[in-house]
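These are my notebook entries on one protein. I put the structure up first and then write down what I looked up.

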Amino acid sequence: MGVEAFIEPATTVTPPTVLLIATTGEWTRRRVNQHLLRDLSDRLSVPVYDVQLVGYPQRMRDWNARAKLAARDLDREP
């Protein structure tokens, strides 16, 4: 399974973050030092993208939609 990193900029509320997104669309978000992330990604051959330039990948949105449906189905079970 592969993974790509998407850097999100700092906001007034949060520091810079990175979304690590698997080829399946599953993802996790963490605070990040951008210089350390780029160094680590070079060593591990993980592509890094600026989310402001490329946006979020469709596979992430698809995974979120599937997870939301699955959660709703669990809530409906007796």
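In what order do the elements of the protein run from the N terminus on? I read them as β-β-β-α-β-α-α. The protein has three helices and four strands. Helices (H or I, at least four residues) and strands (E, at least two) are DSSP runs, numbered from the N terminus.

Before going on, I note that this is a predicted model, in which local features need pLDDT of at least 70 and side-chain atom pairs count only at pLDDT 80 or more, while totals for chains, interfaces and linings use all residues. Residues are numbered from 1 along each chain as its sequence is written, and side-chain values use heavy atoms, with hydrogens and water left out.

Entry: overall form. I looked up the radius of gyration, which is taken over C-alpha atoms. The protein has 15 Å, whereas a compact globule of 78 residues would have a value near 12 Å; the globule rule is 2.2 Å times the number of residues to the power 0.38. The C-alpha trace spans about 50 × 35 × 20 Å along its principal axes. Buried residues make up 23% of the 78 residues. Buried means under 20% relative accessible area, exposed over 50%, and partly exposed in between (1.4 Å probe, protein chains only).

Entry: cores. Which residues form the largest nonpolar core? I found seven: Ala5, Ile7, Val18, Val32, Leu37, Val46 and Val48. A nonpolar core is a set of buried Ala, Val, Leu, Ile, Met, Phe, Trp, Tyr and Cys residues joined through side-chain atoms within 4.5 Å. A second, separate core has five residues, including Phe6, Ile21, Val51 and Met60.

Entry: Phe6. Phe6 is found in strand β1. Is Phe6 buried or exposed? Phe6 counts as buried, because its relative accessibility is 4%. The C-alpha atoms of Phe6 and Ala70 are separated by 25 Å, and the two residues are 64 residues apart along the chain.

Entry: aromatic pair. I searched the whole structure and found one aromatic pair. The ring centres of Phe6 and Tyr49 are 5.2 Å apart and the planes are at 35°, so the pair is tilted. Rings of Phe, Tyr and Trp (its six-membered ring) pair if their centres lie within 6.5 Å; planes under 30 degrees apart count as stacked, over 60 as edge-to-face and the rest as tilted. Phe6 lies in strand β1 and Tyr49 in strand β4 (residues 48–50), so the pair ties together parts that are 43 residues apart in sequence. Tyr49 is partly exposed, at a relative accessible area of 30%.

Entry: Glu8. Glu8 also sits in strand β1 (residues 3–8). Glu8 is buried, with a relative accessible area of 7%. Which side chains make polar contacts with the side chain of Glu8? I found Thr17 at 2.6 Å and Arg29 at 2.8 Å. A polar contact is a pair of N or O atoms within 3.5 Å; within protein, one must be able to donate a hydrogen and the other to accept it, and residues adjacent in sequence count only if both atoms are side-chain atoms.
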